[in-house]
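Me: Hi! I've got a structure to go through with you. Could you take a look and talk me through some of its features?

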Amino acid sequence: MRAFTFASARTVEDALDALADGGPGPKRFIAGGTNLIDLMKEDVARPAALVDINRVGLDEIRPTEAGGLLLGALARNAATARHPEVRRRYPLVSAAILAGASPQIRNMATNGGNLLQRTRCHYFYDVGTPCNKREPGEGCSAIEGLARQHAILGASEHCIATHPSDLCVALAALGAVVHVRSAAGQRLIPFEQFHRLPGDEPQRDTTLGEDELITAIELPPSDGYAAHSTYLKVRERASYAFALVSVAAALDLDEDGAVRGARLALGGVAHKPWRVPEAEEALVGARPTPAAFEAAAETALAGAQSRGDNAFKIPLAHRAVVRALGMALDGVPANTGLLGLPFFAGEPFEGTPLDRMDTEEQP
Amino acid sequence: MTDLIADLETPTAPAGTGTVRLGQPVSRVDGVAKVTGRARYAAEHPAADLVHGVVVNSTIAKGRIISLDTRKAREVPGVLAVLTHENRPRTRSLGLAFKDLTAPAGSPFKPLHDDRIRYSGQPVALVLAETFEAARAASRLVRVRYDERPHDTNLMANLRKAHRPRPLKFGYKPPPSEKGDARAAYGAAEVKIDAVYTAGVEHHNPMEMFASTVILGEDGHLTIYDKNQSSINCRSYVSRVFGLKKSQVTVRNPYVGGAFGSGLRPQYQLPLAVMGTLHLGRSVRVVMTRQQMFTFGHRPETWQRVRLAADRDGTLRSIEHVAIAETSRMEDYTEVVVNWSGKLYACDNIRLGYRLVDLDQYTPIDMRAPGAAHGVHALEVAMDELAVELDMDPLELRLRNYTESSPTEGLPYSSKELRACYTRGAERFGWADRPPHPRSMRDGHELVGWGMATGIWDAAQFYGRATAVLHADGRLVVSSAASDIGTGTYTVMTQIAAATMGLPLEDVVFQLGDSNLPLASVEGGSSHVATIGSAVEGACVELRQKLLRIAGRLPGSPFEHLTLDQVEFTDGSLRVAGSPERSMRLVDLLAAADEQRLEASHTLVSNMFRKRKWALGTHSAVFCEVKVDEDLGTARVTRVVSAIAAGRIMNLKTATSQISGGVVWGISQALHEETHSDHRLGRFMNHNLSEYHVPVNADISNIEVLFVAEDDRVASRLGAKGVGEIGIVGVSAAVCNAVHHATGRRVRSTPMTPDKIMRPW
């Protein structure tokens, strides 16, 4: 970690001003700091100035006029996951959050920060090795190296890293919209346009401008999906591990049980949450049968490519999609975490320890 | 004379604890100090005018340093110096000076010695600054140019280069010579198994980072708080490397936040911190980062081949077990991987082999149950494969080949209650209800499997001395330069002394963790209770003798001419056995004799003449249940019963904790834990606890620990054998065997991550 200046902002305007005034060198907002501090300790991130936005507000969770829900950028992941409206109307979001990180991290991490976390590629984290994402032009060590965790979709010859977030997979599936502010005003970014593929600029994870601040994440009305959504995460231990593969799946079923709408996104497979509209569309109007789910998985993974160690991820992702759609059909919200426990189904957290703090799940 | 060292921490049981028996599940005497943060670890000891050191590590695996540019680092405000091989204080140049008590054959690594790079992550510079922050920031500005040479870190690609190891290492025994004719017996047998097993590299990752705080006294004396498993070993290392008199150096390790073997040798932060002090003439602290915890010893990667042959009824005809492991180019790290296969089952034909491959990396180091954790894994998975081949219950196969003596040693076991472990463990687990064939049990999407395995470890006893001093106020101070790496040494030694002297636990203090205390061997190999515990008991028995002698001389004494077996020490008093009214409080006894203190010592040297007639060992039977989602490749261990035969148990609570901790690590070895190396870079890459996976709470379900009765006076005068390692041995094999029972597929490589377990595609 190197020396940096630190300013604490009280309003969004303050924060934007502080970023503009911060002197030379790269400047960064800091919220929960659960990823940025690690990156600074490892000398991967070297900001000259940090602007603390923890006191600017933006932590509300409230209904929108359009009938959706607005998640404040600075609402904590834990608070978001246990918010009654999120749990009732967007259980997929709760499930994805609770599948990620650890209770301690979720208590600190913010929704906006979650969108900006960097890949956990070993090489990106180790400044003793070449990495195009860290130092463009150095080369990618992962391509011929340890590629177990790496992308099977959308990778480039410059970078095969994956996006590590769970929450973002759910947000992609639900078609969220990211609200951002800069001195120039407000901008809305559809979720599928927020994260980018590595291409020949792997150093850029998102389309967010350097002068822009995420203020909120808007969930469109998706109540039809609430009863049949699942976040399935496959990982190497029961908690505190990034996904080998994860799937956000949701079905809107009509009275006859046919699929009226479908949502499908994958995590751990690409440089961004991987939503596949073609696979969703193919399910619409169909009976929710294993054969239909298999076909959706086939479509979702079209063009998947492995690199040595990660060959298993293609069949794994395929099976995970089929499983997740089956779970969604059965109304099982997650394969891990608190959501598996009976009290999630309706009993309020109020008055329980969970009301105050996110606690570790038990299988 | 050994009394309380004023500034050394001495955890004591809470008032009112009272008298205790051996075996009683006494809570840790250091428990409150630890959970309240009062217990200070190596990096937490304060020192006036302290300088902070941060280490810079190499990014290449082999070559030479062409240049080291430290100018920018030195310009950072607060930076005092940057030490490199070019400007470090003088050290002895002879490799021998760097050899610590547990060093294997070869020439040890010498930090900052010269421009040669021997492994990736090698320390190349130490930045010293007034603050930790300045040192850390400056450490990023040191520019190193290398002349890089081709390296090789890949064991599997170099199995052909395996050589016979030089065997000189404390506690290591080479494989015994062949018994019978194993190859011929294999060729002639009816049923055969021939399989290769591989196990990945692991790093110890104790919670506490390696750290040294070197406090410079006015007289030039160095008091060093260091993380290690033997203060005496590290004191001797520092004095030899830097040519200092032993009396100039004190090493302390009163609290150690886990070590698991990684502290058996001095690690590089220790000599670097001493260099800082010698260079600046100030106290210096050096703490490793979690990433740097991957830049010294590790459990070596291994390749093993096991061939078993048996008659149709399961009688073993031949056991062959060959292991190839990696080491550095500096030393031949050796551990006992295959010898266990010559000790566990009755068999007339046994061939064992062990070879090493030299690679461009740091020398491996003992990690919990070194050698056995993966060696017994291979044997016990092969036994399961044989049971499948024979269509025989795996427990029955083991009982069919049960032995009361060690086949390769040709000696009877001094005690071996493994049969009771099998019986009681199986009963507790419900093994009798196991359906014989794989894929017989299912729970939703998960296949359920039950597996078992046997564990074996040594019953080691080294050397050690303890001193016991009874004070006029009734307090007993017992001392030895032992270590407590979180295992419960403080508690168990206090308990042994209190029980032997019949004193309330809170009146007894055991001080350890200082190189000036009476000599103790390293805390390793599950030897500490049998060694130091025996010395403590010996000192207390000697003290009882002295007290009785004094009592007998008092005028009108009821103890005149009585011997130790005619008296009792209980409730703080000496009394005539069977005559509670003829008693005298120990404090009154000292007062009457006008003694302020009474001291006794005992030096424990293992009785090799007696032990030579016996085979010694600890044993276990492990049973477990796994649930496997074969579509997704995930496995979880839902139930474990571990039945242990490890001699007399001194403290049921701390012993149970040792075993359940071992079981957790066995699950980790089976399913989670591996350090991944990028062989092109010659570098370990998942060097943090986010990517180096150990189990979290949610991975661990029900673990039941049973101890079967054993009391082995050959192993130690206490009857104890030690429980530090045996808990992990066999666990990963039981998990692997359970995965086979669940899925019908045999995974021969650990850890069994989802890519290896998932249904083939």
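Me: Let's start with helix 5 (residues 231-241) of chain B: why is it described as largely enclosed by the rest of the structure?
Reply: Because 8 of its 11 residues are buried. Buried means 20 or more other C-beta atoms within 10 Å of a residue's own, exposed means 12 or fewer, and partly exposed is in between, with C-beta atoms placed from the backbone. Helices here are DSSP runs (H or I, at least four residues), as are strands (E, at least two), numbered from the N terminus.

Me: Before we go on, what kind of model is this?
Reply: It's a predicted model, where local features need pLDDT of at least 70 and side-chain atom pairs count only at pLDDT 80 or more, while totals for chains, interfaces and linings use all residues. Residues are numbered from 1 along each chain as its sequence is written, and chains are lettered from A and ligands numbered from 1 in the order in which they are written.

Me: Thanks! Which residues of helix 5 of chain B are buried?
Reply: They are B:Ser231, B:Ile232, B:Asn233, B:Cys234, B:Arg235, B:Tyr237, B:Val238 and B:Val241.

Me: And what do they pack against?
Reply: Strand 10 (222-226), strand 11 (249-252) and helix 6 (269-280) of chain B. Contact means that the C-beta atoms of two residues, placed from the backbone, lie within 7 Å. Just after helix 5 of chain B, B:Gly243 has a positive phi of about 65°.

Me: Which residues other than glycine have a positive phi?
Reply: A:Tyr240 is one of them, with phi near 55°. A:Tyr240 sits in the loop between strand 9 (229-234) and strand 10 (245-253) of chain A. B:His561 also has a positive phi, about 65°, and lies in the loop between helix 11 (528-553) and strand 24 (567-570) of chain B.

Me: Is A:Tyr240 buried or exposed? And B:His561, buried or exposed?
Reply: A:Tyr240 counts as buried because it has 21 C-beta neighbours inside 10 Å. B:His561 has 7 C-beta neighbours inside 10 Å, so it counts as exposed.

Me: Switching to chain A, how do helix 5 (residues 91-98) and helix 9 (residues 167-174) cross?
Reply: Their axes come within 7 Å and cross at roughly 160°. Axes are lines fitted to C-alpha atoms, for helices over the stretch in contact, and angles run from 0 to 180 degrees between N-to-C directions. That makes helix 5 of chain A roughly antiparallel to helix 9 of chain A; angles over 145 degrees count as roughly antiparallel, under 35 as roughly parallel, 65 to 115 as roughly perpendicular and the rest as oblique.

Me: Who makes that contact?
Reply: A:Leu92, A:Val93, A:Ala96 and A:Ile97 of helix 5 of chain A, with A:Leu167, A:Val169, A:Ala170, A:Ala173 and A:Leu174 of helix 9 of chain A. By class, the contact of these two helices has 9 nonpolar, no polar and no charged residues. Ala, Val, Leu, Ile, Met, Phe, Trp, Tyr, Cys and Pro count as nonpolar, Asp, Glu, Lys and Arg as charged, and the others, Gly among them, as polar.

Me: How many residues of chain A are in contact with chain B?
Reply: 31 residues of chain A, in contact with 30 residues of chain B. Helix 13 of chain A gives the most to chain A's side, with 5 residues. That side divides into 13 nonpolar, 7 polar and 11 charged residues.

Me: Last one: where is the cis peptide bond I spotted?
Reply: From B:Thr750 to B:Pro751, with omega near 0°. B:Pro751 is in the loop between strand 33 (749-750) and helix 16 (754-757) of chain B.
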